[in-house]
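Biologist: Hi! I'm new to this one. Could you walk me through it once it's on screen?
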There are 4 protein chains.
Amino acid sequence: MIKVGIVGGTGYTGVELLRILVNHPEAELSVITSRSEEGVRVADMYPNLRGHTDLRFSVPDADKLAACDVVFFATPHGVAHSLAGDILKSGTRVIDLSADFRIKDADEWEKWYGQPHGARDILPEAVYGLPELKRDEIKGARLIAVPGCYPTAVQLGFLPLLENNLLPEQVLIADCKSGVSGAGRGASVGSLLCEASESLMAYAVKGHRHLPEIRQGLGWAAGKDVGLTFIPHLTPMIRGIHATLYAFAPGLEADLQALYEARYANEPFVDVMPAGSHPATRSVKGSNMCRIAVHRHAATGQIVVLSVIDNLVKGASGQAVQNMNLMFGLDETTGLNHVALMP
Amino acid sequence: MIKVGIVGGTGYTGVELLRILVNHPEAELSVITSRSEEGVRVADMYPNLRGHTDLRFSVPDADKLAACDVVFFATPHGVAHSLAGDILKSGTRVIDLSADFRIKDADEWEKWYGQPHGARDILPEAVYGLPELKRDEIKGARLIAVPGCYPTAVQLGFLPLLENNLLPEQVLIADCKSGVSGAGRGASVGSLLCEASESLMAYAVKGHRHLPEIRQGLGWAAGKDVGLTFIPHLTPMIRGIHATLYAFAPGLEADLQALYEARYANEPFVDVMPAGSHPATRSVKGSNMCRIAVHRHAATGQIVVLSVIDNLVKGASGQAVQNMNLMFGLDETTGLNHVALMP
Amino acid sequence: MIKVGIVGGTGYTGVELLRILVNHPEAELSVITSRSEEGVRVADMYPNLRGHTDLRFSVPDADKLAACDVVFFATPHGVAHSLAGDILKSGTRVIDLSADFRIKDADEWEKWYGQPHGARDILPEAVYGLPELKRDEIKGARLIAVPGCYPTAVQLGFLPLLENNLLPEQVLIADCKSGVSGAGRGASVGSLLCEASESLMAYAVKGHRHLPEIRQGLGWAAGKDVGLTFIPHLTPMIRGIHATLYAFAPGLEADLQALYEARYANEPFVDVMPAGSHPATRSVKGSNMCRIAVHRHAATGQIVVLSVIDNLVKGASGQAVQNMNLMFGLDETTGLNHVALMP
Amino acid sequence: MIKVGIVGGTGYTGVELLRILVNHPEAELSVITSRSEEGVRVADMYPNLRGHTDLRFSVPDADKLAACDVVFFATPHGVAHSLAGDILKSGTRVIDLSADFRIKDADEWEKWYGQPHGARDILPEAVYGLPELKRDEIKGARLIAVPGCYPTAVQLGFLPLLENNLLPEQVLIADCKSGVSGAGRGASVGSLLCEASESLMAYAVKGHRHLPEIRQGLGWAAGKDVGLTFIPHLTPMIRGIHATLYAFAPGLEADLQALYEARYANEPFVDVMPAGSHPATRSVKGSNMCRIAVHRHAATGQIVVLSVIDNLVKGASGQAVQNMNLMFGLDETTGLNHVALMP
């Protein structure tokens, strides 16, 4: 059994990690930390876990974390910077769900996150945990940066086009729609039911922190810099991201359906839907799947890719466990066979 | 492996059965029938099942059903009446999720369901599939009537009081709130998002079909006839039933918390919450759990019991699988360890 | 034109007052206060008001408020206690939407609200602003306590029975369901979309602050003390209260439908629905109407009254304006002719 | 008073017309037709109208309609084709909310709507009822084609750019998100709460009927053919359209904010938000306003326009009444001063 620790388990990615891990056949939850909830039973805070775990929140303790085989960080940005280094030294592996190690250029990170980068020394060895892009590196990694939710949906949607160099020079567009859980469990007015339900709005049009992360990944796939207009929208639902991706390739004659099916044929968590499909976010609710449909708009020939994930699963905690499975030599799908809840 | 057939798998209880059974370690889906969708892949109708099953809908075929170890009926009322008898003759067991065999008094059934009872011959051997009330009978049964959703939440909430004969002569009250999935997948105006969301209303105040079923169960527990005012409400959510139960016992001195905890101490799917709790329906979303809290109203001393279930799981398909586990000698919880999706 | 001031206009009852008053033909918004938002244009905070008002929030100023004909308080409990007295001295009338003057027994108020009552001197002259109960007093009042949302729905539902002394000695039951806007615009975790949507739960079963207010009003109607079990529920919608009321009157032969229709025949904002109706909260969304249906449960003879309001209109700001109309000799319905938004 | 008839008043645009017209100071509802609901009181079908109208549905009667000053069609496609001509002959004006007269090219109409165009004779005199584009023609029109919901949001968002010829040759993109009421009140599985809530999906990617209508309007504004990729999405809310519009103008130096403000300075129902704004659909819920924000994406310079309307008001019934006001010489805003319901 893999001994697992979680730092900062009170937010939505934390409880989602717990939902997955309490039923994971090869993992054993050993410690979960929270300064604010010290001593509280996890199941008292999250009653869905009653009967599944007796664990209590404890204050972060270096020795207890060092005794784990792997520690997940489900913390605000900056926390993993200060703690991950010491944990790694003890031989324990680290899977960070925050943005701390996602961007390889520390200066760029500081620009977008507005704080000093606190772990430039270990940044180089961090592996970007998108298995569809970095599987081999993940297997040997000690430190994983789990991709953001938008970046996961957008990158998986664009990869086949970029890896095959099918797009002429252009600015790509990612029009993305997210459920409210992407904003976390913090008590902010904008996330109140009375503010966010029965409404839809764009936000961060001037620039969202996921933009540099997405561009980094698209650049890796394309082998060159890729321009991107990324517009996120807040939508009145709990879970789900729908990325609608636009690219223009006037003369392109490739069979896009075949291209996507081939690219993802062996990916357990990317499902290329039949031609003409419109994947709904609810088809992945609670599951680690990304469903993709690729279209060409009849009137204009523009390529339109539809990519959906559950932001808390494939966009966060499920992908984190997928990384753990790879790092520990397990079958990649272990403990991740959830069927989406529908309806 | 238990060979499983499903008759009428296109509705919400059907797809929920599939969600549970595709990951059940001891069950093997063998046949699923639908006249209207013959030949269609189940996963094309319900994309959440893509990658989990390749089964196609077929027209009901007596031989194929007879070759199963157990057949679930997820059909409109009346269908099981006409088919269950023949299936039983072949030695295959039947678990009926419709109301066909729930009420022991066939005349009463006809009054409420407005059609002739089509299987009076096998009605006597049907066992009411509420494990908390009929576990031993279920183990030996060939024909199970899975309880309705409201009846499950209401009976589990009242049982400890009635079994111990703690209530004086009185009319009990069950004020129940259900998500819209209880109305099924039929295309009716009242279930449209634009009609049912952002609103709440009572319905069937004059009398709901679950009333005689609930009274039958409460009567079994009490050993006498029990009067009940049952008022269901339609609430703007997909899943969940919240039963708020009222009983008046002026002189009662019993420790209700202890009573409930003792009654359900060994029940794997009834969770008595700590004193003072307010269970939320989302704490059981997608799980087979019933969570109960028992209160006494400070100002009046009235007993108020709060009982929540997921109407599609403990209120239908999960309970059906719980029955299957019991009938086939498996651990009762096999394949039913889902953690509720929260948020 | 009536010169209107609003103290504390940043919450939901404040913006709802504005929605109603900007189109009120006899009212002129003169001042709106908020310490935290001083200088901010109201329409920048609430874009639905763009084009309807250019008013800015200002800090409360005694002279400016004294120059108004009427001042509404849409403030947390306690604020009106400290300010209302001085405003009244200047000849300006006060309509308080908080709970500060609702309960005539100041000791009782202190018990439920956990703070000293700060205005015992003017409490006696405060009129409880439920026009259907206190119309004549309201017309001559200088200080109005606008009823709470639950109390409005519950009292209007029970009045005809109690005023006619039709119920034997008993504990009444009010099972109430509220939208989330009843919890206000404060940033609390429990009101987040991800916590409150797709779920339903009871709360404050041990005792809710509206209980003594409701019992006071029922007592006025009955001419004696009335026992009440009041259980509120949080439901996944923005607006609306549905009160399901239970009373038991075994031998009662009165024609309840006729009784209710007669009682409310001349009430512009109480609509007794036809016999057998199930009013939905959406039928009053955005309007000042209370819709009521009265039933007798077929199996038990129990009286079941269904009463729905929009908690922000008839349950708060609309009722406040209805009071203003009465106090200033206007037609009671002036500016309150909104048709509910449906769908 | 303008005598008003409505043909086909049982759908969502019909009831929304009623909501607006019952409070319109210059209009008098005279007749409302529905074959299926003949004799039913409108307020029995739509209880929000109880107390506002006593009208009953009647079968369409040529004389009664001819006695009106104006007849609105809120009917499925094709109905206005067969009835409008005769009504016009009687001197009664017609405002059609269906698509029957929106597209000037009858062959194109037939291609998209899959049925013969039944009124080619009167098509030439139909005026496209977008006041911001066709105000003068509307004033003198006898027959109005009220624009579709998506076309209203998209055209208003692009007009300032196209009228000023600021965009180089390119394919524009309109990524649109609609509430479910856009699908109407028909009982279809896809519009059920259990199917459409807690989910988001694109639809009609291959081609949506509003595409030719939008291109027609953009072409009028630009003075030339305009290429458009239009992708609609179904979102889990009742009302609202959010159009996110993309255009690329690399060298453009114009002050877009000033351009938009100037273009719409005198438009009563187009609100250009301050620079940097993100209009939410709820800011126009129940109102006839279109709110627009214009951005340039920092990283790419791409123009991003955000345009929101209530699909049932500015996208249908409100715009229809705005047309009526213009046709009858009233102030354009008469009866259309609703403040959006927020929260």
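Biologist: Is Tyr150(C) buried or exposed?
Modeller: Tyr150(C) is buried, with a relative accessible area of 2%. Buried here means under 20% relative accessible area, exposed over 50%, and partly exposed in between, with a 1.4 Å probe and protein chains only. Before we go on, this is a predicted model, where local features need pLDDT of at least 70, side-chain atom pairs count only at pLDDT 80 or more, and totals for chains, interfaces and linings use all residues. Residues are numbered from 1 along each chain as its sequence is written, chains are lettered from A and ligands numbered from 1 in the order in which they are written, and side-chain values use heavy atoms, leaving out hydrogens and water.

Biologist: Thanks! How many aromatic pairs are there over all chains?
Modeller: A search of the whole structure turns up twelve aromatic pairs over all chains. Rings of Phe, Tyr and Trp (its six-membered ring) pair if their centres lie within 6.5 Å; planes under 30 degrees apart are stacked, over 60 edge-to-face, and the rest tilted.

Biologist: What kind of pair do Tyr128(C) and Trp220(C) make?
Modeller: That pair is edge-to-face, because the ring planes sit at 70°, with the centres 5.6 Å apart. Tyr128(C) is in strand S6 (residues 127–128) of chain C and Trp220(C) in helix H9 (residues 210–222) of chain C, so the pair ties together parts 92 residues apart in sequence. Helices (H or I, at least four residues) and strands (E, at least two) are DSSP runs, numbered from the N terminus. Tyr128(C) is buried at 3% relative accessible area, while Trp220(C) is partly exposed at 34%.

Biologist: And which ring does Tyr150(C) pair with?
Modeller: Tyr150(C) pairs with Phe230(C): the centres are 5.2 Å apart and the planes at 70°, so this pair is edge-to-face. Tyr150(C) belongs to helix H7 (residues 149–163) of chain C and Phe230(C) to strand S10 (residues 227–234) of chain C, so parts 80 residues apart in sequence are tied together. Phe230(C) is buried, at 1% relative accessibility.

Biologist: What does UniProt say about Cys149(A)?
Modeller: An unreviewed UniProt entry has the annotation "active site" covering Cys149(A). UniProt positions are given in the numbering used here, feature names are shortened, and annotations may be inferred rather than shown by experiment. In the model, Cys149(A) lies in helix H7 (residues 149–163) of chain A and counts as buried at 12% relative accessibility.

Biologist: Last one: how many cavities of 30 Å³ or more?
Modeller: There are five cavities of 30 Å³ or more. On a 1 Å grid over the protein atoms alone, a cavity is a set of points where a 1.4 Å probe fits but cannot get out, and lining residues have an atom within 4 Å of a point. Points are joined across faces, edges and corners, and a volume is the space filled by probe spheres set on the points. The largest cavity has about 250 Å³ of space.

Biologist: Which residues lie nearest the centre of the largest cavity?
Modeller: Among the 20 residues lining the largest cavity, Ser197(A), Pro236(A), Pro236(B), Pro236(C) and Pro236(D) lie nearest its centre.

Methods:
On a 1 Å grid over the protein atoms alone, a cavity is a set of points where a 1.4 Å probe fits but cannot get out, and a pocket is an open set with protein on both sides within 12 Å along at least five of seven lines; lining residues have an atom within 4 Å of a point.
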